[in-house]
Amino acid sequence: MADANKALIGTWTVSFNQYRWIYVFAEGGAVTWTDPNNKRSGTGTWQETGAAVALTWKKTPGQKDATTETWNLPINPANQMGQVKADYASGWFSATKDQARFDGFAAEGQHDPFACWAACLAWYTKVSPDVPTASQDAIILSSDKSQWAPNGSITKNGLMLISVRGALLERKLIGQAELAGVVAARRFPMLIGFGSGPLGGHVNVIHGYDDATNTVAVMEPWYPDPAANKSFAYDADSGSYYNKTSGDPFKFTGAMLRRPLSYYTSKPLDGQFVVGSHIERQ
């Protein structure tokens, strides 16, 4: 997927004639639709075709031909236009993106036990349309090594200072009592450095908040937990988990999770949290 078109990934409200649908575009070319009125749903595929994005929907019972759509490029989250061709009608549609949701983006597993910060920054660049996408390896290689701790993890001060080309992040050190209010302000995606894990500190990305249940949607790069897998052991010298039989390193896949907000408010890092939120370009 081209950087210029990653604004497509996520949740959209689509209007066509008398119809209203909710679409969720995912990485890898998958897309789903749901009718919020009758709860019917379906699946399809999408691909970039140069001057547009082409959608093909799986036929529903009774359809002669599959419905297709063309989404004009560049993607415009505030007022997207395109055309529908279906058995029942053809013509122009309009769509708007829900900028507060990050459905469709895959989680980022950290490459090693020390790289949670790099995985979170890589995911942040992937979901931010106006930021060039950067890989974990590129972020690590371009980082200032003076901001690393002796064991290879990043320091709290390093997390405050680390930069990624094109990413405008405003970072703050806040107290334990402030975190709930910062999350409730919903400046997502929000990096959070907190006290957790075998290394004493960890980084996640909070990207949603439900005040009714006081829960947060998060991107967790430390998943699954290697400590829960008896086939793996931790090597303190190399700082890695390895398979006891084959010697292969453990692979983190990352996960999109929902947790109580208290999971974070109860885990300050030396009494504070590092939080980083996007600065909008003027």
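**View 1. Asn214 is partly exposed because its relative accessible area is 36% (buried is under 20%, exposed over 50% and partly exposed in between, using a 1.4 Å probe and protein chains only).** Everything shown here comes from a predicted model, in which local features need pLDDT of at least 70, side-chain atom pairs count only at pLDDT 80 or more, and totals for chains, interfaces and linings use all residues. Residues are numbered from 1 along each chain as its sequence is written, and side-chain values use heavy atoms, with hydrogens and water left out. Look for Asn214 in the loop between β11 and β12 (strands are DSSP runs of E, at least two residues, and helices runs of H or I, at least four, numbered from the N terminus).

**View 2. Arg186 is another non-glycine residue with a positive phi, here near 60°.** Its setting is the loop that runs between α4 (179-184) and β10 (190-194). With a relative accessible area of 37%, Arg186 counts as partly exposed. For background, most residues other than glycine have a negative phi, and most peptide bonds are trans.

View 3. The bond in question runs from Leu73 to Pro74, and its omega is near 0°. Pro74 itself sits in the loop between β6 (68-72) and β7 (80-85).

**View 4. The step from Tyr223 to Pro224 is cis too.** Omega for this peptide bond is near -10°. To find Pro224, go to the loop between β12 (215-220) and β13 (232-235).

**View 5. His202 is tucked away as a buried residue, at 8% relative accessibility.** His202 belongs to strand β11, which covers residues 202-210. Leaving aside residues up to four places away in sequence, His202 touches Gln110, Cys116, Ile192, Gly193, Phe194, Ser196, Glu220, Pro221 and Trp222 (contact means heavy atoms within 4.5 Å).

**View 6. Phe25 and Trp46 make an edge-to-face pair, with ring centres 6.3 Å apart and planes at 75°.** Rings of Phe, Tyr and Trp (its six-membered ring) pair if their centres lie within 6.5 Å; planes under 30 degrees apart are stacked, over 60 edge-to-face, the rest tilted. This pair ties together distant parts of the chain, 21 residues apart: Phe25 is in strand β2, and Trp46 in strand β4 (residues 41-48). Both Phe25 and Trp46 are buried.

**View 7. Tyr263 and Tyr264 also pair edge-to-face.** Their rings lie 5.0 Å centre to centre, with 70° between the planes.
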